[in-house]
Amino acid sequence: MKLLYSNILPLGTEEDQETIMDCFNEQMKMADRVEIAVGYTSNASLAELDRLVNECNISKVCLNIGMYFIEGMPEGAYHTAIKINEKWQEAGIGEIRVVKAFKYHGKLFCFYKDGNPFSAIIGSANLGVIKLEASNRRQYEISAITTDEQEVAEIAEHIEKLKMPNCSENIALVKNMPLVREVNTALNGIELVTSVPKSNVEFYERCKAYVSFFLKLKVPKKDERHLDDGKHYTKSNINVCYAAPRSKRKARDWYETQLTVGADVYRMEGYPEKNKPFFVVTDDGYWFKAHTTSDNNKQFSAVGDELIMGRWLKGRLAAAGIVKPVNNTAADTDRLGMITEEMLQEYGCDRLEFKKTGQTALDEDGDPLDVWMLSFTAGSEEE
């Protein structure tokens, strides 16, 4: 058995020492099958594992993740895992499983050739060790590699037991997987937007709804994103950034949106008056001033910055790894940045809920403004 170390070695590096990442890469090159059981992963390490599986021509792979079903899984890593799992299953080479029966905190990597396990790495390192990033560069791990036939066989058998239905399940089949929402960085440093404590959000969530309504997001299906017939919302609502630019020299900003409500909503008693500002508190802890505009005051937008609403909404999808922000919408000819039904379904939310809380707050001039709560949620058409 040989000791391995993480890339950052504050205790000093000897010539004969090897990093866990280098050892893992070497074993992958010699293997045709890999079995992994860890407590935690990261978005970057999942992508790196998939890359190595392709590069090393691995014919069979299984990743077991042990801690997230009870603790909650970061949504970015979850959506990446779902996509990789689907890719591996469609290719017939493997899957990603989630341990459900208990919190599994082991860290095992077992390598096979021609049906037989020949080596295994065991120690303190989770999957993140195979891809260095800011969050783990100063994290010290130690593991060991063994090629002892009996030890490797015991590790291989242990991982196989974890794959039994009474312990784990394919990640795509796991119901009610608890997710930890990622921080929406698209609103960081944006003027006119402030963060509020979770306790404040919970207070407004508990407030009685004096007026409330749902706004279902109107978007095309993935295979409809090039249908510019005015019926599939490819250039309107949340995807208005793909409409004709206002200037020939500059494309529309990807975060631009138009949140438009129907007559059944803007005729409701208590609906905000046109151009009369009110405060919005979002379900993820942001606070800004908004108002209604346009004919019949049918459009919701933030006061002072028309991109804030889009930064809040699309920023959440981007933080979750559902879509990548587009720097130049005119150059996005394949419309990969267009929000689709499939994206909303993957995120688990397809509509906005507006709730008048009955509370007021003072603006910078000392005037009391109504406070509305804005949530990104899911629901039925009946709502």
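Start by selecting F24: this residue is buried, with a relative accessible area of 2% (buried means under 20%, exposed over 50%, partly exposed in between, using a 1.4 Å probe and protein chains only). Before going on, note that this is a predicted model, where local features need pLDDT of at least 70, side-chain atom pairs count only at pLDDT 80 or more, and totals for chains, interfaces and linings use all residues. Residues are numbered from 1 along each chain as its sequence is written, and side-chain values use heavy atoms, with hydrogens and water left out.

A search of the whole structure turns up 17 aromatic pairs; rings of Phe, Tyr and Trp (its six-membered ring) pair if their centres lie within 6.5 Å, with planes under 30 degrees apart called stacked, over 60 edge-to-face and the rest tilted. F24 and F109 make an edge-to-face pair, because their ring centres are 5.6 Å apart and their planes stand at 75°. F24 belongs to helix α1 (residues 20–30) and F109 to strand β7 (residues 108–113), so the pair ties together parts 85 residues apart in sequence. Helices (H or I, at least four residues) and strands (E, at least two) are DSSP runs, numbered from the N terminus.

Stay on α1 and bring up helix α2 (residues 43–55): the two pack at about 35°, with axes 9 Å apart. Axes here are lines fitted to C-alpha atoms, for helices over the stretch in contact, and angles run from 0 to 180 degrees between N-to-C directions. Which residues make the contact? Show F24, N25 and M28 of α1 with L49, L52 and V53 of α2; contact means heavy atoms within 4.5 Å.

Next, jump to F213, buried at a relative accessible area of 5%, and Y271, buried at 8% relative accessibility. Their rings form a tilted pair, 6.0 Å centre to centre with 45° between the planes. F213 sits in strand β13 (residues 211–216) and Y271 in the loop between α7 (263–266) and β15 (278–282), so this pair ties together parts 58 residues apart in sequence.

Last stop: charges over rings. Pick R33, whose charged end sits over the ring of Y112, 3.9 Å from its centre. Then try R181, which lies over the face of Y347 at 4.2 Å from the ring centre. The cut-offs are NZ of Lys or CZ of Arg within 6 Å of the ring centre and within 35 degrees of the ring normal.
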